[in-house]
Amino acid sequence: MQPETSALALPIERQDVVVGSRNLPGTLYLPENPFSLVIFAHGSGSSRFSPRNRQVAETLARYGMATLLFDLLHRQEEEAQGRAKVFDIGFLAERLIDAVAWADHRWAGGKMPIGLFGASTGAAAALAAAAHLPKRVGAVVSRGGRPDLAGAALDDVLAPTLLIVGGADLETLKLNRAAELRLKGITALKIVPGATHLFSEPGAMDEVVMLAQNWFERYLTEFPD
């Protein structure tokens with residue numbers, strides 16, 4: 001049964017939080033009595049301040065889902081190690097896994113259904129984390145993602161996965177079509193006509209939000225088996 005959230009946008013509270021054992025800075029959007037939590041993984045060169053991810057996160061929160069955006073790296077880590085860590089998918093997936101553990105502690109023992117939303121390289125990290133946590137991650141949404149960077153972990157993803165790609169983002173579309181064939185769970189590939197990699201065209205992000213909302217409402221209503 002789907003939650004009755006679509007008829008009315010809910011008021012939300014915005015909280016600055018410190019996430020996980022690495023004390024990563026984050027932003028939590030909280031409606032009253034959320035039915036699930038969606039954790040975001042940003043792409044390379046981005047952060048918790050990504051305007052596109054924030055648009056998705058705030059909208060999902062207004063329809064009943066708590067949403068968490070956080071920096072996958074401390075600034076000192078980026079400065080010390082250059083660009084290496086932003087493409088280290090295993091490393092980034094570990095940060096997401098740690099964020100799930102943090103959320104389980106905050107919401108008392110892992111009773112909150114959890115979904116992951118990844119953009120660009122962050123989508124690969126989200127898929128790798130979902131493969132590692134098959135009984136904890138209930139759904140994954142990828143926006144303009146690089147699922148190929150998840151490597152062998154892609155074959156172990158069981159969570160229902162939605163791949164959203166811009167119709168004009170031809171190389172990414174090709175990579176996502178290949179990933180769709182490898183994913184073993186429920187999978188859908190949705191193409192936003194005319195959109196490029198950043199979905200900067202008028203109405204493109206609105207389509208992404210609608211697709212993500214529908215996917216999470218469908219698959220995050222119960223704790224994964």
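Trp215 and Tyr219 sit together in helix 6 (residues 204-219), 4 residues apart, which is about one turn of the helix. Both residues are buried. Keep in mind as you look around that this is a predicted model.

**Aromatic pairs**

The count of aromatic pairs comes to 2. One of them joins Phe40 and Phe117, and this pair links distant parts of the chain: Phe40 belongs to strand 3 (residues 36-41) and Phe117 to strand 5 (residues 114-119), 77 residues apart. Phe40 is buried, with a relative accessible area of 2%, and Phe117 counts as buried too, at 0%. Trp215 and Tyr219 also form an aromatic pair. Here are the two geometries:

| Pair | Centre to centre | Angle between planes | Type |
|---|---|---|---|
| Phe40 and Phe117 | 4.8 Å | 35° | tilted |
| Trp215 and Tyr219 | 4.8 Å | 55° | tilted |

Another ring has a charged neighbour: Arg106 lies over the face of Trp107, at 5.4 Å from the ring centre.

In soluble globular proteins, nonpolar side chains tend to be buried together. In this model, the largest nonpolar core has 48 residues, and those with the most contacts inside it are Leu37, Ile39, Leu68, Phe70, Leu96 and Leu116. Helix 3 (residues 89-106) supplies the largest share of this core, with 9 residues. A second, separate core of 29 residues includes Val38, Val209, Trp215 and Tyr219.

Leaving aside residues up to four places away in sequence, Leu68 touches Val17, Val19, Thr27, Leu28, Leu37, Val38, Ile39, Phe40 and Trp102.

**Helix 1**

Helix 1 (residues 51-62) has 12 residues and reaches 17 Å from its first C-alpha to its last, close to the expected 16 Å. Its buried residues are Asn53, Val56, Ala57, Leu60 and Ala61. Viewed down the helix axis, these buried residues fall within an arc of 130°, so they line one face of helix 1. Just after helix 1, Gly64 takes a positive phi of about 100°.

**Lys190**

Lys190 is found in strand 8 (residues 187-192). Is Lys190 buried or partly exposed? With a relative accessible area of 39%, Lys190 is partly exposed. Not counting residues up to four places away in sequence, Lys190 touches Leu162, Leu163, Ile164, Val165 and Leu211. Between Lys190 and Ile164 there are 4.9 Å in space, C-alpha to C-alpha, though the two are 26 residues apart in sequence.

Key:
Residues numbered from 1 in each chain as written. Predicted model: local features only at pLDDT ≥ 70, side-chain atom pairs only at ≥ 80, totals over all residues. Heavy atoms only, no water. Helix = DSSP H or I, 4+ residues; strand = E, 2+ residues; numbered from the N terminus. Expected span 1.5 Å × (residues − 1). Buried < 20%, exposed > 50% of the residue type's maximum accessible area, 1.4 Å probe, protein only. Arc of directions from axis to C-beta. Contact = heavy atoms within 4.5 Å. Core = buried A, V, L, I, M, F, W, Y, C linked by side-chain atoms within 4.5 Å. Phe/Tyr/Trp six-rings, centres within 6.5 Å; stacked < 30°, edge-to-face > 60°. Lys NZ or Arg CZ within 6 Å of the ring centre and 35° of its normal.
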